[in-house]
Amino acid sequence: MDQGRQVFMVDLLERYAAKGRGVVTCMAAGNDVIVLGTSKGWVIRYDFGVGDSNDIDLSLGRSGEQSIHRVFVDPGGSHCIATVVGGGATDTFYTHAKWSKPRLLGRLKGLVVNAIAWNRQQITEASTREVILGTENGQLYELAVDEKDKKEKYIKPLFELTELPEAIMGLQMETASLMNGTRYYVMAVTPTRLYSFTGIGSLETVFATYLERAVHFMELPGEIPNSELHFFMKQRRAVHFAWLSGAGIYHGGLNFGAQLSSPNGDQNFVENKALLDYSKLSNGAEVVKPSSMAVSEFHFLLLIGNKVKVVNRISEQIVEELQFDLTSESNSRGIIGLCSDASAGLFYAYDQNSIFQVSVNDEGRNMWKVYLDMKEYAAALAHCRDPLQRDRVYLVQAEAAFNSKDFLRAASFYAKINYILSFEEITLKFISVSEQDALRTFLLRKLDNLAKDDKCQITMISTWATELYLDKINRLLLEDDTALENRNSEYQSIIREFCAFLSDCKDVLDEATTMRLLESYGRVEELVYFASLKEQYEIVVHHYIQQGEAKKALEVLRKPSVPVDLQYKFAPDLIALDAYETVESWMASNNLNPRKLIPAMMRYSSEPHAKNETHEVIKYLEFCVNRLHNEDPGIHNLLLSLYAKQEDDSALLRFLQCKFGKVLENGPEFFYDPKFALRLCLKEKRMRACVHIYSMMSMHEEAVALALQVDPELAMAEADKVEDDEDMRKKLWLMVAKHVIEQEKGTKRENIRKAIAFLKETDGLLKIEDILPFFPDFALIDDFKEAICSSLEDYNKQIELLKQEMNDATHGADNIRNDISALAQRYAVIDRDEECGVCRRKILTVAMDYRMARGYTSVGPMAPFYVFPCGHAFHSLCLITHVTQLTRRTDETQAERILDLQKQLTLLRSESREEPNSVLTEDSITSLSPVEKLRSQLDDAVASECPFCGDLMICEISLPFIQPSTPEEEKEVMSWEIKPQNLGPQRSFSLGV
């Protein structure tokens, strides 16, 4: 950017603008349209947008010399109002850009209009909407004109200055649309006062309220030939104003959304007010007041003599002076005035004949310097255009803070500098004054301002900041011995800040370097904290275990991101440190493999424990077995071994009796190793458990033998468990009986009585003769009399029962012989006209087709046939064919078997033939020839039941009537198919209802 180029440039726009219609008396501009008023009553309109101009004579029909007093044009360049004075009369005219003739505003006759306020927000090309007129005698009027009506809609009086009647010299208006209506903001100036009006409703309503309340005004003493009021517009809104008064230029910002109120109740929309004294413009010379003024965004353009002095509104310094190329004719009076075109952003100056254009070239480019010189740093930063300018602002702020020894604030500003001062220079500044805290602050702020791509620099600065933090912590510990106990101390605060820093920078800090730094400074807690941030959980857990804080270690291990292998690694230490919390943690975890915890549990179990202490390992193993249904033999074996070491064997017995595998379908009854369990129980002398294990291993003799050493009742129960092997059960009871008899220490007679009573407990399995060998040879038989008699009676009953069974068997054999004899003589009567149930031919009719029927011999001249008890009769060939067809639909294998038997009979018919009327005898049944055996099998296959009355007919219910098994049936099925036919084009007819 060219810094030496002028901000404001002057160009001659039109040399002979008056066109010989007199001299220029006034001018107004809007939207590239300039309207001039001349001394001969002419209004000349220049439209530079289209390059056109037209002249309107307002002096027609008027006597004497006429002059245009004021001319006004709206911001859009369409509406124009002009006041003509001369000949002792004053008239005001309205003209539109599309009109060739003006319209006289008759109601304003005799009134000199000095100022107009346009409604910038609502005005259109076709209508002026509300317009406020200010007159020479201090009156305000409202006017509205529509272009299509060719006349004013209305002219209303609004307000009159009665306290100090003065001419209205300047007038501006702004509006804002609210939910409850339109709010108007009106500002008017006289030579000595600035008035402000505001209210909601119509203009008439707003000004009517001031009849009952005081008007808010600002009064400034002094005289000025031409008082002016200007608004600077930005995005169609006024943002600041300037009043050219006798005392100076009174200016300020405009905030129409402000809710501040003045003491008299009016809303105060003016803020940051200031007065620019004219003495600042003279440089010690005589004060000359401006004759006209224009306002830009940052500057005032003041017409003083034939020069325009450009004054910066913020610094109140003259930045430029503009010269005009005046003709000799114009030198007599010089530049008459200034005006501005807010829509085009241009300014104009005019003399009696010429128009000069003042253009603006980026007037805000050096405003950052202006604000910087005034030490308004926030505004300076807001107006910076590039990073170098921002660096200059930050540098000034930083050096100011550094010189005032506010090092922390200086560090924040230095951190924002990127170009004009190097990182090394800044750090050396703080090192030279031994300001470690400020250096740390600078590094931290620098980290915030660095781009993410500068990974190397970020890592280095973060590491340096870490070391500065550690140095600060150690220095605080040396300075204050109570820092560790005082939670509100600076030491605790810096610790919290350091932890937050580690958390924020964990991804950019080098892990190994940072851990070495923390370790070298002896900051164990911070080392553990950083390790947890970097997910080095092994270090964290190891630290907590060393500190005896098992709960914290378990909390770390329970995190989802912690590898499960660490659970197994630290399990021995944790369970030794706090068995209860460790086991509770294991039980709460759902991703542990209990088998991998066995070494830790065995180590814990090998240590001595209090007698009444709850064994935590047993609790966890029971949880695995009962709740998790763990099937690992190692888990079951460990639990069994712990049960075996307890004084009370009830838990061991309950465990052995549980059938854990039955939870699964076809699962085993138990998962532990029975041989290991037996060895362990024998070692720990858990005999009842050993008995149960022997029994479970089907070693019943050993189980009973061991049970007899513990409790005879247990032995009896074990003997009764054998149910499927009567001999084994008897043998076991004999072992029990022998033990009972040999162990009795009473008198001989009592021993015998107890032995007899024992026999009753066996439910008849043992007899007196079974236990007699266990008694001594000298025992008296009288003592066994009752038992022997009872035994003999039982034998007698058994003999009688066997006799009865033999008689029944003999009788049954006789009945079978009789049935065989009757079967050989069985016959059936057939009517001569009886028909075959399949072919409908007569059964007794001779037919050549049936004489040699597949292994059957014809009965005389008749074909072989079957007759069923139900009365149905069939030729043998017809029956075989019919049954084969029916069977093929349901059982293809049976149909093939029938056909195979028939084929075999056909092959053997020539080798062996039976007489047609041969009689079956008992001997012939047992010695059948191969043909007869095949015929018997075929009879069983096809004639076991009537095909019309048996199961074959029932199965036929679910089958279709016709199946395409033969060409005829297939043809029949095809005849029932519905085939689509091409009916050709069809027409549809609508039938009237």
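**Reading a predicted model, feature by feature**

Guide: Start with Lys685, which sits in the loop between helix 20 (674–683) and helix 21 (687–696). Keep in mind that this model is predicted.

Visitor: Is Lys685 buried or exposed?

Guide: Check relative accessible area against the cut-off: exposed means over 50%. Lys685 reaches 61% relative accessibility, so it counts as exposed.

Visitor: Where is Arg129 found?

Guide: In the loop between strand 10 and strand 11. Its relative accessible area is 36%, so Arg129 is partly exposed.

Visitor: Now salt bridges. How many does the structure hold?

Guide: The structure holds 30. Glu125 and Lys98 qualify, with their closest N and O atoms 3.7 Å apart. This pair links distant parts of the chain, 27 residues apart. Glu125 belongs to the loop between strand 10 (113–118) and strand 11 (131–135), and Lys98 to the loop between strand 8 (89–96) and strand 9 (103–104).

Visitor: Which residue forms a salt bridge with Asp362?

Guide: Arg385, with the closest N and O atoms 2.8 Å apart. This pair also links distant parts of the chain, 23 residues apart. Asp362 is in the loop between strand 28 (355–360) and helix 2 (367–373), while Arg385 is in the loop between helix 3 and helix 4 (387–403). Asp362 is partly exposed at 28% relative accessibility. Arg385 is partly exposed too, with a relative accessible area of 41%.

Visitor: How many residues apart are Glu932 and Arg935 in helix 31?

Guide: They are 3 residues apart in helix 31 (residues 930–942), which means a separation of about one helical turn. Buried means under 20% relative accessible area. Glu932 is at 17%, so it is buried. Arg935, at 18%, is buried as well. Elsewhere, salt bridges that share partners join Asp437, Arg440, Lys472 and Glu490 into one network.

Visitor: Next, helix packing. At what angle do helix 12 and helix 13 pack?

Guide: Helix 12 (residues 537–546) and helix 13 (residues 550–557) pack at about 165 degrees, their axes 8 Å apart. Helix 12 is therefore roughly antiparallel to helix 13, because angles over 145 degrees count that way. Helix 12 passes helix 13 in a left-handed crossing.

Visitor: And the surface? Which residues make a nonpolar patch?

Guide: Leu388, Tyr419 and Ile420 make one of about 300 Å². Find Ile420 in the loop between helix 5 (407–414) and helix 6 (423–432). At 32% relative accessibility, Ile420 is partly exposed.

Visitor: One last pair. How many residues apart are Leu381 and Asp391 in sequence?

Guide: They are 10 residues apart in sequence. In space, the C-alpha to C-alpha distance is 9.3 Å. Leu381 is placed in helix 3 (residues 377–382). With a relative accessible area of 23%, Leu381 is partly exposed.

Definitions and conventions
Residues numbered from 1 in each chain as written. Predicted model: local features only at pLDDT ≥ 70, side-chain atom pairs only at ≥ 80, totals over all residues. Heavy atoms only, no water. Patch = residues over 30% accessible without salt bridge, like charges linked within 9 Å, V, L, I, M, F, W, Y side chains within 5 Å. Areas by Shrake-Rupley, 256 points an atom, 1.4 Å probe, with all protein chains shown as cover. Salt bridge = Lys/Arg side-chain N within 4 Å of Asp/Glu carboxyl O. Helix = DSSP H or I, 4+ residues; strand = E, 2+ residues; numbered from the N terminus. Buried < 20%, exposed > 50% of the residue type's maximum accessible area, 1.4 Å probe, protein only. Axes fitted to C-alpha atoms, helices over the stretch in contact; angles between N-to-C directions. Parallel < 35°, antiparallel > 145°, perpendicular 65-115°, else oblique. Left-handed = near helix turned anticlockwise from the far one by under 90°.
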